[in-house]
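Let's take a friendly walk through a protein fold, stopping at a few places along the way. Keep the sequence and the 3D view open as you read.

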Amino acid sequence: MAAGFEVQANEVVHIRLVQPEDVATHFNAEFHPEFSYQFYEDEVIKGHRSLRVQVEFTAGQLFLYIAEQAEDSQTRAKSALEPWIHHLDTDIYSGIGYTTRSDEFRRRVEKDAATFKPHGQKIYEYSSDEDIFEIYESSFESEAFQDYHRRLELFSLMFIDGARLLDADRRWRVFTLYQKHKRNMSHVYSLVGFASCYPFLFYPDKKRMRISQFVILPPYQNRGNGSRFYAALMDHFHADKEIAEVGVEQPNDDFQDMRDRCDIRRIIETGVLAKDEAPISPEKFLEVREKFKLSKMQAARCCEILLLKNCKTNVEEKYRAYRLFVKERLYRQNLSDLATIPRAEAVQQLANVYSALEEEYRHILQKI
C-alpha cells in the first residue's frame, strides 16, 4: 500500500443528525463512530488519501445520506461507501431509506422535520436549561417501529462494542430519547439516545428487566442526559409491580459509573442505610435489593459504597470491620480461582482487589 493511501475509519467517518437551518439547536455537531469494524475490516480504509466519509441522518426519522470525498484515490481502490451500501441493501435492513444525493437529502430533512413524530408512548419529560427532552416507549408489536428500529440499530453498531442486532421478539421494549425543538407553531424532534430492554422471568411470577443496549449520542454526552435517561427508566420500572429486578448486560466502565451514582442517589434520598455501618445483616441487604429492584451484584456495590461513606475510617476497629465485610464478599465471589493458588498468594490477591475496589468507591463518592 502506497504511503498515505490508508486511513483510520473512525477518524474519517463524520456523522451528523440534521435539522432544517432555522431550527435552533446547539447540538447540531459532527461526531465520529467509536467502532467501525462492522463496516471496515480492522477499522481501516485503504486506497484513498485525505478521505472524508459523510454519514448524515435526518434528526428524527433517520433517513440516511452517505457521501465520500478524497484528495486522491488509487486506480483499483473500492469506494469507501461500498460497505455501507452493501450493509443497507441486505434483507436485514430492507426498507431503510438512504440516498447518495445531497439535494434529495435536503428535501427529506424538510419533510421529516414537518412530519416526524416519535413512535410509541411518551413516559417522561425533562428540561435542561431551555432545552426540552422527551422519552418514549415502543415495542416490536408496531411494524412501523420495526422499520424505524432498523435505522436506530446503525448507531448500536457504531457505539456499542460487539453489538448484535435484536431479534423480532415482541417482548423487547425500546426507549427513545429526543430533544424537542420549537419551530413556528409546531415541534421537531432530534434523536438523543435509546435503550433496549428485555423482560426475563423472575421466579415464580415476576419479571427481571435487563437493559441490553444504552446509547447517548456524542453531541449530547457529558450534559447529564445519560443520568436523566437512566433515572427515568428506573422510575418507570419501579412503578411496574410486575418487575422485581433490573439488571444490565455487560456494562462498560462509563455506564457502570453513571449507574452507581444514580442508584446510590436514589437510596440516599430514601434514608435507607443512612446510619448503618458494616457489617449489615443478610436481611438488611435483601431489603435494599428488593426495595430498589437491584441485581445481587449491583446491590452489593451500592451497599458497600454507602457503608464506606458511613464508615469512620479513622477508627481502626470500624475500618477493619468494613474491610472484612467487603473482603468476605470478594472471597466468595472469587473462591474458585483463589482455591487453586497458595494461601499467601490468595491473601495478597484479595488485598489488591480490595484496594482497587475501595479506590473506585471513593471516586464514585466524590461525584455524589
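## Strands, rings and a buried glutamine

Strand β9 (residues 121–128) pairs with β10 in the antiparallel sense, and seven bridges connect the two. Keep in mind that this is a predicted model. To find one of the bridges yourself, look for K122, whose partner in β10 is Y136. The hairpin made by β9 and β10 has two residues between the strands, and there D129 takes a positive phi near 55 degrees.

Strand β10 also pairs with β11 (residues 173–183): the two run antiparallel and are joined by eight bridges. Here E137 stands opposite F175 of β11. How many of the nine residues of β10 (residues 131–139) are buried? Seven are, so the strand is mostly covered.

### Aromatic rings

Now turn to the rings. Across the whole structure, a search finds 20 aromatic pairs. One of them joins F133 and Y220: the ring centres are 6.4 Å apart and the planes meet at 85 degrees, so this pair counts as edge-to-face. F133 belongs to strand β10, while Y220 sits in the loop between β13 (206–216) and α5 (225–238), so the pair ties together parts that are 87 residues apart in sequence. Both F133 and Y220 are buried.

There is also an aromatic cluster, formed by F116, Y136, F140, F145, Y148, Y178 and Y189.

| Charged residue | Ring | Distance to ring centre |
|---|---|---|
| R108 | F63 | 4.1 Å |
| K291 | F292 | 5.8 Å |

### A look at Q19

Our last stop is Q19, in the loop between β2 (13–18) and β3 (44–46). Is Q19 buried or exposed? Its relative accessible area is 6%, and buried means under 20%, so Q19 is buried.

What does the side chain of Q19 meet there? It makes a polar contact with the side chain of S190, at 2.9 Å. A polar atom of the Q19 side chain also lies 2.9 Å from the backbone oxygen of Y189. Leaving aside residues up to four places away in sequence, Q19 touches A59, V109, A113, H181, V188, Y189 and S190.

Notes:
Residues are numbered from 1 along each chain as its sequence is written. This is a predicted model: local features need pLDDT of at least 70, side-chain atom pairs count only at pLDDT 80 or more; totals for chains, interfaces and linings use all residues. Side-chain values use heavy atoms; hydrogens and water are left out. Helices (H or I, at least four residues) and strands (E, at least two) are DSSP runs, numbered from the N terminus. Buried means under 20% relative accessible area, exposed over 50%, partly exposed in between (1.4 Å probe, protein chains only). A polar contact is a pair of N or O atoms within 3.5 Å; within protein, one must be able to donate a hydrogen and the other to accept it, and residues adjacent in sequence count only if both atoms are side-chain atoms. Contact means heavy atoms within 4.5 Å. Two strands pair if DSSP finds at least two bridges between them. Rings of Phe, Tyr and Trp (its six-membered ring) pair if their centres lie within 6.5 Å; planes under 30 degrees apart count as stacked, over 60 as edge-to-face and the rest as tilted. A charge sits over a ring if NZ of Lys or CZ of Arg is within 6 Å of the ring centre and within 35 degrees of the ring normal.
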